[in-house]
Amino acid sequence: MRHRVLPGFGISLGYALAYLGLIVLLPLAALVWKASGIGVEGLIRLLSTPRTLAALRLSIGGALLAALFNAVIGLLVGWVLVRYRFPGRRLFDALVDLPFALPTAVAGIALSTLYAPNGWLGKWLDPLGIKVAYTPLGVFVAMVFVGFPFVVRTLQPVLASLERDVEEAAESLGAQRWQTFFRVILPMLAPTLLTGFALALARAMGEYGSVIFIAGNLPMHSEIVPLLIVQKLEQFDYAGAAALGAAMLLLSFALLVIVALLQRWSGRWAERSR
Amino acid sequence: MKKFLTVLLLTAGMLVTAAAAAKDVTLLNVSYDPTRELYRQINSAFVAQWKAQHGDNVTIQMSHGGSGKQARSVVDGLPADIVTLALAYDIDAIADHGLIAKDWQQRLPNNASPYTSTIVFLVRKGNPKGIKDWADLVRPGVQVITPNPKSSGGARWNFLAAWGYALRQPGGSDATARAFVHDLYKHVPVLDTGARGATNTFVQRGIGDVLIAWEDEALLARKQVGGDAVQIVVPSITILAEPPVAVVDKNVDKRESRAVAQAYAQFLYSPQGQDIAARNFYRPRSADVAKQYASQFPPTNTFTIQEVFGDWRQAQKKFFDEGAIFDQIGTGN
């Protein structure tokens with residue numbers, strides 16, 4: 001029999017499952033149960049109104065773009081922080097966590113102050129015709145902000161464990177730098193990068209606090225799904241709000257499943273290319 | 001002698017009951033966002049008065065937030081003894097769940113609203129766009145800031161004020177009102193979720209030419225940014241905003257706090273309560289107090305919800321429910 005670190009496998013498994021059930025599954029079940037009041041037909045009607053569709057497009061589209069952007073920039077930042085030594089590195093490293101720690105409403109207010117037409121950055125962008133605050137672009141900026149640490153923090157340990165001799169081998173075999181990166185390093189990183197991408201995506205889709213301050217919140221234009229949910233609650237429409245919430249939950253779940261499949265596929269691909 | 005004894009006994013008896021009754025009472029007042037200052041002052045005045053009259057130590061706890069959200073919390077079990085919200089519809093929603101008697105609005109004077117406000121305009125220094133009345137808001141190039149009526153109770157007053165204005169113009173009808181309000185929301189570049197957010201957008205971010213706001217919020221904003229940067233314009237006709245108050249029957253019965261809660265609600269109507277309301281930029285109901293603050297509150301031509309829309313339930317259904325007029329007109333661009 002294998003040696004186990006935690007004593008009493010049965011008890012600890014039972015405890016873990018009960019805890020997970022209480023903290024995660026029960027609230028989600030309550031959400032679905034509340035949403036069921038609206039019925040399938042009601043749900044379809046709710047999801048197919050132009051306003052809901054526009055909000056879904058912005059929430060999902062914005063989150064996808066922001067997560068992609070974070071994947072690229074996060075990889076770069078993670079790489080620099082792991083591979084190079086420079087003054088202030090530890091400070092920069094600590095700064096990465098700031099979006100985790102900051103209350104999202106504070107972040108939203110700070111961002112809209114910065115990007116408003118009379119803000120520090122906004123007053124330079126505005127004459128160029130680039131409007132960030134109160135547009136869909138503002139939504140994107142807020143989503144990038146809240147999702148950023150997920151990519152960096154998932155990648156860092158893997159980047160640190162990459163063995164340099166693989167790169168050196170590639171180089172000694174005559175690979176160009178870009179070849180080394182795209183054919184050697186990226187395949188090894190891909191599964192982790194996808195995890196970071198998925199986490200950033202999920203966070204951005206559900207983000208409320210930081211987005212509403214910078215979004216403008218115009219129906220059909222710059223309105224996110226969580227705001228629609230809040231508006232439904234404001235009208236005491238519990239079932240409608242829960243239904244929208246459940247729909248978002250399903251969508252997030254579907255996206256996470258897709259990302260998990262991609263991860264397995266890319267993991268095998270990395271194995272094969274070794 | 002007998003009479004003297006009776007009086008003595010009675011006095012002693014009263015003293016004993018008073019001593020026995022001297023107890024600690026806590027009240028929870030669930031209110032909406034911009035009333036923090038107002039109720040901080042009301043609470044300390046009421047606590048002092050109740051202590052002097054009854055000897056009890058009253059502690060009043062406050063909860064602030066968006067009016068609709070607050071009503072929902074009370075429905076979901078927040079043990080409020082008293083609710084002081086932005087519109088009657090939110091208290092109706094609590095009453096619908098059986099926590100408050102349905103006739104709550106008849107139980108206190110003036111539709112159960114101890115102080116009022118109106119909807120006015122806040123414009124930038126010198127009024128560069130020359131905004132004097134509602135019609136000026138839909139001129140080309142004018143940007144209007146107002147929060148979203150779907151998420152803000154205050155914004156619903158703004159919407160109804162604009163509608164009522166259009167309705168009361170010569171030849172006004174539901175069709176012309178609808179056209180006017182539609183036009184108005186096309187001039188709105190940002191729909192904040194709440195009234196305070198809209199004030200910030202206008203005052204701090206410098207967006208828009210005019211903010212449609214509650215008079216108390218406008219006066220407060222003017223005081224905070226200094227009188228020079230912004231000024232208040234009172235339109236030719238506007239709505240009388242009546243924020244209501246109700247004792248939450250089910251909770252006060254359970255907590256045995258009805259007497260104090262009712263006294264608290266009535267205190268809002270007392271001369272002292274009215275004076276505090278006026279100092280916090282709410283229009284007092286009492287004519288005497290109103291006279292003292294006449295310079296702060298210029299006379300306005302107002303209509304009430306009842307006069308134009310019947311009641312809040314009807315207004316909510318016609319304008320703000322799912323698929324109702326606000327959803328139909330759409331906004332922006």
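How many residues of chain A are in contact with chain B, and how many of chain B with chain A?

A: This is a predicted model, in which local features need pLDDT of at least 70 and side-chain atom pairs count only at pLDDT 80 or more, while totals for chains, interfaces and linings use all residues. Residues are numbered from 1 along each chain as its sequence is written, chains are lettered from A and ligands numbered from 1 in the order in which they are written, and side-chain values use heavy atoms, with hydrogens and water left out.

Contact (heavy atoms within 4.5 Å) joins 24 residues of chain A to 33 residues of chain B. The area buried between the two chains is about 2300 Å², with 49% given by carbon and sulfur atoms; buried area is the accessible area (1.4 Å probe) that two parts lose on being put together, summed over both. Of the area that chain A buries against chain B, Glu234(A), Gln235(A) and Phe236(A) supply 31%, more than any other three residues.

The rule finds two salt bridges across this interface, a salt bridge being a side-chain nitrogen of Lys or Arg within 4 Å of a carboxyl oxygen of Asp or Glu. Lys232(A) forms a salt bridge with Glu322(B), and their closest N and O atoms are 2.8 Å apart. On the side of chain A that touches chain B, α12(A) provides the largest share, five residues; helices here are DSSP runs (H or I, at least four residues), numbered from the N terminus.

Terms used
Helix = DSSP H or I, 4+ residues; strand = E, 2+ residues; numbered from the N terminus.
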